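This report walks through one predicted model. It starts with a single loop residue and then turns to the sheet, the fold as a whole and the charged pairs.

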Amino acid sequence: MTGPGLQDQGIRPLVLVIMGVSGCGKTTLAEGLHNLLGWPYQEGDLLHPRANVEKMAAGIPLTDADRLPWLQECHKWLLDRIASGQGGILTCSALKRSYRDLLRADGTADVVFVYLQIPEDVLADRLQRRRGHYMPSSLLPSQLSTLEPPTADEHPVVVHLEETPADLIAETIGLLRQRFPEHTHERG
């Protein structure tokens, strides 16, 4: 069974984690992919325990112990999506290799990390302008110091800054088609 839009884009379902620091465009990309591909989408921030949200809103960086229950909820969501066979898109900062290893544990080895690699000055500007999000721009340095970019052995799809959200989405779809030809089929 496929969702709306799958035939049009020529990509069979994958389970994606859109990752990167706050302000890099995870939600914009995930929503765009969801709209085009029809795969279920989960905003990872909504899986945070209330205590984590309150801590971040107060400008206090999370510890690994704080992040563990959140990562476990993200992992459960990924397991459900893999079991469904219908693909899925999760936004999750996944800043450290150990976090990504947890997300890929127990049957989720096929999860694909899509890493949004955005220059620090662009991130800072985006966070300064962002409204209605609990993550203050003051936490960007903490996120950047925690970030361990995915390495080649993790097989990430790395997307660099694009001019518009539409460019970002198109670039990502192109990279997915290129990287996973076995998940691509001809239109028509």
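Glycine 87 sits in the loop between α4 (64-84) and β3 (88-91). Helices here are DSSP runs of H or I with at least four residues, strands are E runs of at least two, and both are numbered from the N terminus. Glycine 87 is buried, at a relative accessible area of 3%. Buried means under 20%, exposed over 50%, and partly exposed in between, with a 1.4 Å probe and protein chains only. Leaving out residues up to four places away in sequence, glycine 87 touches Pro13, Leu14, Val15, Trp39, Pro40 and Arg81. A contact means heavy atoms within 4.5 Å. Arginine 12 is 75 residues from glycine 87 in sequence, yet their C-alpha atoms are 8.1 Å apart.

Residue numbers start from 1 along each chain as its sequence is written. Because the model is predicted, local features need pLDDT of at least 70 and side-chain atom pairs count only at pLDDT 80 or more, while totals for chains, interfaces and linings use all residues; side-chain values use heavy atoms, without hydrogens and water.

**The sheet**

Five strands form an open sheet in the order β2-β3-β1-β4-β5, with parallel pairing. Two strands pair if DSSP finds at least two bridges between them. β2 (41-43) and β5 (157-160) are the edge strands, each pairing on one side only. From one strand to the next, the twist averages 20°. α4 packs on this sheet and touches β1, β2 and β3. The direction of α4 makes about 170° with that of β3. Axes are lines fitted to C-alpha atoms, for helices over the stretch in contact, and angles run from 0 to 180 degrees between N-to-C directions.

Strand β1 (residues 15-19) runs parallel to β4 (residues 112-117), joined by four bridges. Isoleucine 18 stands opposite valine 114 of β4. Valine 114 also stands opposite valine 157 in β5. β4 and β5 are parallel too, over four bridges. Five of the six residues of β4 are buried.

**The whole protein**

The protein has eight helices and five strands. Along the sequence they follow the pattern α-β-α-β-α-α-β-α-β-α-α-β-α. Of its 188 residues, 45% count as buried. Among contacts with a separation of 6 or more, 76% join residues 24 or more positions apart.

**Charged pairs**

Side chains of opposite charge can pair when their charged atoms come close. Nine salt bridges are found in the whole structure. The criterion is a side-chain nitrogen of Lys or Arg within 4 Å of a carboxyl oxygen of Asp or Glu. Three of them are tabulated here.

| Aspartate 64 | Arginine 67 | 4.0 Å |

Aspartate 64 and arginine 67 are three residues apart in helix α4, so about one helical turn separates them. Aspartate 64 is partly exposed at 39%, whereas arginine 67 is buried at 7%.

Aspartate 153 lies in the loop between α7 (140-146) and β5, and arginine 97 in helix α5 (residues 97-103), so their pairing ties together parts 56 residues apart in sequence. Aspartate 153 is partly exposed at 48%, and arginine 97 is partly exposed at 28%.

Glutamate 154 is in the loop between α7 and β5, 54 residues from arginine 100 in helix α5. Glutamate 154 is buried at 3%, and arginine 100 is buried at 1%. Shared partners join Arg97, Arg100, Asp101, Asp153 and Glu154 into one salt-bridge network.
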